[in-house]
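Good morning, colleagues. I would ask you to look at the model on the screen while I take you through some of its features.

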Amino acid sequence: METFKKYYQSVCDFFKSQKGVRLSVCLGLLGLLLILFSNGNGSDNNVSSTVSDTNLTTYSIEEYRIALESNLQELIKSVDGAGDTMVMITMASSEQNVYAQEVKEHSNSDGSSEYQNEYITISSNGDKSALVSSVQSPKVMGVVVLCKGGSKSSVKEDIYKVVSALTGVNSSSIFVGQLV
């Protein structure tokens, strides 16, 4: 333990000296230069990595629609005066992948610049594929709500607000009626 304290103290004294400060500054600058001049992976601007098992859960559009209908139905049942409720949703699109892109700038001889978008790719077991940056949920096209209190204007108004807030659909794509 005593040896460690002596070694630690000598290292601290060195870095407090003028030589130690110069060495620290030089190492810091060297590190910054390495970061600035590297392209992150040493390849042709493609992201190369080993993709292992991912924990992404994907749902079919039908599973998504059913879950959304169920959640919306339970929510509408809690609206004051709605009562028993049935919900049907139609989908406009399925989920869509948004792929990561890199913008490259090319300078022309006349001084103008051109920009080119390139997809970022990843490698896994020798296969290349585009890197997914996000997945957009399926879009809702329309919603029909039938409930016991669907004939009351105050209940309808509340249901329009709930459906619109949950799905992002405007009121012209929502129908609220009375369940018989």
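Let me begin with a question: which residue stands opposite Lys128 in β6? The residue is Ser123. Please keep in mind throughout that this is a predicted model.

Strand β5 covers residues 121–124 and strand β6 covers residues 127–130. The two run antiparallel, and 4 bridges join them. Together β5 and β6 form a hairpin, with 2 residues between them.

Asn125 is located in the loop between β5 and β6. Its phi is near 55 degrees, which is a positive value in a residue other than glycine.

I now turn to the aromatic residues. A pair of aromatic rings is described by the distance of the centres and the angle of the planes. The count here comes to 1 aromatic pair. Tyr99 and Tyr119 form this pair, with 6.1 Å from centre to centre and 85 degrees between the planes. The arrangement is edge-to-face, because the angle is over 60 degrees. Where do the two partners lie? Tyr99 belongs to strand β2, residues 96–99, and Tyr119 to strand β4, residues 113–119, so the pair ties together parts that are 20 residues apart in sequence. Tyr99 has a relative accessibility of 35% and therefore counts as partly exposed.

Next, the surface. Leu23, Leu27, Leu30 and Leu34 make a nonpolar surface patch of about 390 Å². One of these residues, Leu27, has its place in helix α2, which covers residues 18–37. At 52% relative accessibility, Leu27 counts as exposed.

Let me close with the chain as a whole. How many helices and strands does the protein chain have? There are 4 helices and 9 strands. Along the sequence, their pattern reads α-α-α-β-β-β-β-β-β-β-β-α-β. The protein chain has 180 residues, of which 20% count as buried. The accessible surface of the chain is about 13,200 Å², and 55% of that surface belongs to carbon and sulfur atoms. Finally, consider the contacts between residues at least 6 apart in sequence: 64% of them join residues at least 24 apart.

Thank you for your attention.

Key: Residues are numbered from 1 along each chain as its sequence is written. This is a predicted model: local features need pLDDT of at least 70, side-chain atom pairs count only at pLDDT 80 or more; totals for chains, interfaces and linings use all residues. Side-chain values use heavy atoms; hydrogens and water are left out. Two strands pair if DSSP finds at least two bridges between them. Rings of Phe, Tyr and Trp (its six-membered ring) pair if their centres lie within 6.5 Å; planes under 30 degrees apart count as stacked, over 60 as edge-to-face and the rest as tilted. Buried means under 20% relative accessible area, exposed over 50%, partly exposed in between (1.4 Å probe, protein chains only). Patches are made of residues with over 30% relative accessible area and no salt bridge: like charges are joined within 9 Å, nonpolar side chains (Val, Leu, Ile, Met, Phe, Trp, Tyr) within 5 Å. Accessible areas come from the Shrake-Rupley method with a 1.4 Å probe; for residues, only the protein chains shown count as cover. A salt bridge is a side-chain nitrogen of Lys or Arg within 4 Å of a carboxyl oxygen of Asp or Glu. Contact means heavy atoms within 4.5 Å.
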